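Keep the viewer open and follow along.

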Amino acid sequence: MAGDKKTQEGGQDVAAEPMAGEVHELDPFALRVVDIPQKKWLRRYRSVAFQMVVLAMLAFSGPSMSNAISSLGGGGLATPYTANTASATQYSTSILIAMFGGPIVSVVGIPISCMIGAMGFPLSGSGFYVNSKYGVQWYLIFAKAIYGITSAFLYVAEASAMISYPEEHRRGFYISIWVIMRNVGSIIAGAITFGLNIARDGYGGVTTNTYLVFLGLECIGLPAAFLLSKTKKVIRSDGWGVPLLPKKTWKQECKLLLEHHMQKRTLLLIPIYFLTYFGDGVWGTYMSLHFSVRARALSSLVTPILAVIMNPLFGMILDMKSVGPRKKGIIAFWVWTIPTAAMLIWVMVNLKWFTEQPSELRLDYAHSTGRWVAMWFPNMLYVVTCWMSQTLVYWVLGQFASDVSTNARTGGVFRAWETTGQAVSYGINSKVASLFIPFGVYVGLFAVAMPMFWVVLMDLPVEPRVLAIVDDDGNAVGHLGKTIDAEHGEENAAREIS
């Protein structure tokens, strides 16, 4: 009968197509009827597009600035070890908050979680500035520890929003734009860093003023977070509200979190979660030990530009309307996996060459251009494929649920294991005798993660789902493409919001 649960090809129980007036609370894909304001500016303010712009501003001000500093190699310091210790501390403190981020975000909401996250942005830049100028290492480690706690709120909130807010055929586009904004920050920061350090062709750290620029840009985040709308008021371009399930108690949320973590799909995804950012600490150390200051600065400028070009193209694969979700996932998997494998093989060859060179060698683009390109190119591949992996994983998670609460739990688990990978990566690289060790671990993770991720891709639905439409009380009013007007018996495919 209508309303009974049925198992779709994605392997998840969802409710069958609803009848008008039927309570339809448990469908994690069901869209909501939402009030559309009469004022045009307010409609635009509550639109998914505007929420994505604000989230992109947050990504630019926080994670982007942090990534830009990391991309300098060792946080731009003369040696990478203090920066790696600080980063390991940051990601260690993030793990617990991120793991319980689903219940937390479900209780406090996405906007407030983003505000808490943005409050910690300036701590990262200030820590590096104080250490660079005054040599105070304890403050850098302390600041990164607090930043790890606050940033976890943002990570889970933005993950939930990125998966839940956009429509199915726009999700890849919006995720890629979010990725672009993270990288645009790195481009701007890289340009500033390169300009301030262009004369420094040897060993050492970047100029102290570099960190003041980062610190100023990190202060943009908190005012931007106040521009976010409450999730229940957000309006998609087709006039429907974001999928929301009824609120649950803290105890219920924690129980669901435990159940989610023990699901077969989640266990299969843990290696890819761990892998996505594992390379940050490894590659930061590689760049710091083997490249000049200005070569590292140039890399922090050029590699994000390439990522900005590639990721929207990658997102277009995931948004193809003529191809089903499973086939799109398979195509994207190979587009990402092949260059990643090439990058890992290439860097192992490079490491062998470096072992035969003097330890004080720092490659510079002006002195040995051909060798510099050959040694740097795998790092460029890493940056591009790293963001591809983020885009793909978020998109895959969105195929199994679209409501905010479920995706807050999913995003929290993702971020918890992702930050665990980063903590381990920076921990290994805080003092390492040979880069063959962390890169060897990297290769092993890749070999384990790929077949397990492939199994998850085989669970994706072959055809797109037909989405249900519900009101605020969970009463079904039809499905997307055939909504039912209870009073007049009219059918409408979408709601006009222009």
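This is a predicted model: local features need pLDDT of at least 70, side-chain atom pairs count only at pLDDT 80 or more; totals for chains, interfaces and linings use all residues.

Let's begin with helix α6, where the buried residues are Ile-110, Pro-111, Ser-113, Cys-114, Met-115, Gly-117 and Ala-118. That makes 7 buried residues out of the 10 in α6, which runs over residues 110-119, so the helix is mostly covered. What sits over those buried residues? The cover includes α2 (48-61), α5 (101-108), α7 (121-134), α8 (137-164), α11 (221-225) and α18 (404-429).

Now the overall build. The chain comes to 19 helices and 7 strands. Of its 498 residues, 59% count as buried. Looking at contacts with a sequence separation of 6 or more, 83% are between residues 24 or more positions apart.

**Two helix pairs**

α18 has already turned up in the cover of α6, and it also packs with helix α14 (residues 279-290): their axes come within 7 Å and cross at roughly 30°. Are they parallel or antiparallel? Angles under 35 degrees count as roughly parallel, so α14 and α18 are roughly parallel to each other. On the α14 side the contact is made by Asp-280, Gly-281, Val-282 and Thr-285, and on the α18 side by Gln-422, Ser-425, Tyr-426 and Asn-429. By class, that contact divides into 2 nonpolar, 5 polar and 1 charged residues.

Next up are helix α15 (residues 293-318) and helix α16 (residues 325-355), which pack at about 155° with their axes 8 Å apart. Because angles over 145 degrees count as roughly antiparallel, α15 and α16 are roughly antiparallel to each other. Phe-314, Ile-317 and Leu-318 in α15 meet Lys-328, Ile-331, Ala-332, Val-335 and Trp-336 in α16. The class count for this contact is 7 nonpolar, no polar and 1 charged residues.

The spacing on the α16 side is worth a look, with Lys-328, Ile-331, Ala-332, Val-335 and Trp-336 all in the contact. An α-helix has 3.6 residues a turn, so residues three or four places apart point the same way.

**Residues brought together across the sequence**

Phe-291 is in the loop between α14 and α15. Is Phe-291 buried or exposed? Its relative accessibility is 1%, so Phe-291 counts as buried. Leaving aside neighbours within four places in sequence, Phe-291 is in contact with Tyr-286, Arg-296, Arg-362, Leu-363, Trp-372, Met-375 and Trp-376.

Asp-459 is found in a loop too, the one between α19 (436-457) and β4 (468-470). With a relative accessible area of 30%, Asp-459 is partly exposed. Ile-188, by contrast, lies in a helix, α9 (residues 171-197), and counts as partly exposed at 36% relative accessibility.

Here are the C-alpha separations for these residues, each with a partner from elsewhere in the sequence:

| Pair | Separation in sequence | C-alpha distance |
|---|---|---|
| Phe-291 and Leu-363 | 72 residues | 4.5 Å |
| Asp-459 and Phe-400 | 59 residues | 9.3 Å |
| Ile-188 and Ser-64 | 124 residues | 9.8 Å |

**Cysteines**

How many disulfides are there? With a cut-off of 2.5 Å between cysteine sulfur atoms, the count comes to 0 disulfides. The cysteines include Cys-219, which is partly exposed with a relative accessible area of 44%, and Cys-386, which counts as buried because its relative accessibility is 5%, and buried means under 20%. Another one of the cysteines is Cys-114, back in α6, where it is among the buried residues of that helix.

Methods: Residues are numbered from 1 along each chain as its sequence is written. Side-chain values use heavy atoms; hydrogens and water are left out. Buried means under 20% relative accessible area, exposed over 50%, partly exposed in between (1.4 Å probe, protein chains only). Axes are lines fitted to C-alpha atoms, for helices over the stretch in contact, and angles run from 0 to 180 degrees between N-to-C directions. Helices (H or I, at least four residues) and strands (E, at least two) are DSSP runs, numbered from the N terminus. Angles under 35 degrees count as roughly parallel, over 145 as roughly antiparallel, 65 to 115 as roughly perpendicular and the rest as oblique. Contact means heavy atoms within 4.5 Å. Ala, Val, Leu, Ile, Met, Phe, Trp, Tyr, Cys and Pro count as nonpolar, Asp, Glu, Lys and Arg as charged, and the others, Gly among them, as polar.
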